[in-house]
Amino acid sequence: METNFTPFPVLATDRLILRQLETTDDKDIFAHRNDDVVNTYLEDFRHATIEHTQAFIDRVQKETAIGKTILWAITQKGSNRFIGAISLWNIAKDEDKAEAGYTLDAAFHGMGYMHEAFIKVIDFGFNTMKLKTIDAYTHKHNDGSIKLLLRNGFKQGAPKKPVGSDRVFFSLTREAL
């Protein structure tokens, strides 16, 4: 399994650039993590201060450097502005597995951006990282997230770790593609 993310793998789609988080993203990330719509189905996502956001960026960059996490800032082509994030995290090298996570500014919901980004990240996970499995947890009422997972071939199953009763588990294996 490949977890060397140096240089950082910038991914491109028809409309998006998925790039590394930058310290200059702090204000956009702070606003994103405190948006009521973004937080509808998330727990412990808000940042109390801009310093909390700066510490988050620093932690993600350190975890990326050691192959524990890879998180891409989602930006529109032609703009470097952070509009969301997509990640493969909780990377388990012994199991060739990672967990997918994603959020998108409410202004960009319903435009197909997350589907576009997710296709690229799934491809990266299976074909570059050589993962065998990508797991995802979402809120049982987050219809958009559930639809995204199902549309990309994920199958619902029993959670692999203890989660709240409002969470549902999905998984995608390389063999299923």
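**View A. Gly-84 stands opposite Leu-104 of S5.** Strands here are DSSP E runs of at least two residues, helices are H or I runs of at least four, and both are numbered from the N terminus. Two strands count as paired if DSSP finds at least two bridges between them. The model is a predicted one: local features need pLDDT of at least 70, side-chain atom pairs count only at pLDDT 80 or more, and totals for chains, interfaces and linings use all residues. Numbering starts from 1 along each chain as its sequence is written, and side-chain values use heavy atoms, with hydrogens and water left out.

**View B. Eight strands make up an open, mixed sheet.** Read across, the order is S1-S2-S3-S4-S5-S6-S8-S7. At the edges sit S1 (11-12) and S7 (155-157), each pairing on one side only.

**View C. Helix H3 (residues 113-128) packs on the sheet.** Its contacts (heavy atoms within 4.5 Å) include S4, S5 and S6 (133-139). S5, H3 and S6 form a right-handed β-α-β unit: with the strands pointing away from the viewer, the path from the first strand over the helix to the second runs clockwise.

**View D. S6 is covered on both faces.** Seven of its seven residues are buried, meaning under 20% relative accessible area with a 1.4 Å probe, protein chains only. Thr-133, Asp-135, Tyr-137 and His-139 lie on one side, with Ile-134, Ala-136 and Thr-138 on the other.

**View E. S6 pairs with S5 in the parallel sense, over three bridges.** Asp-135 in S6 stands opposite Glu-99. S6 and S8 run antiparallel, joined by seven bridges, and Tyr-137 has Phe-169 in S8 as its bridge partner.

Note on methods
Axes are lines fitted to C-alpha atoms, for helices over the stretch in contact, and angles run from 0 to 180 degrees between N-to-C directions. Buried means under 20% relative accessible area, exposed over 50%, partly exposed in between (1.4 Å probe, protein chains only).
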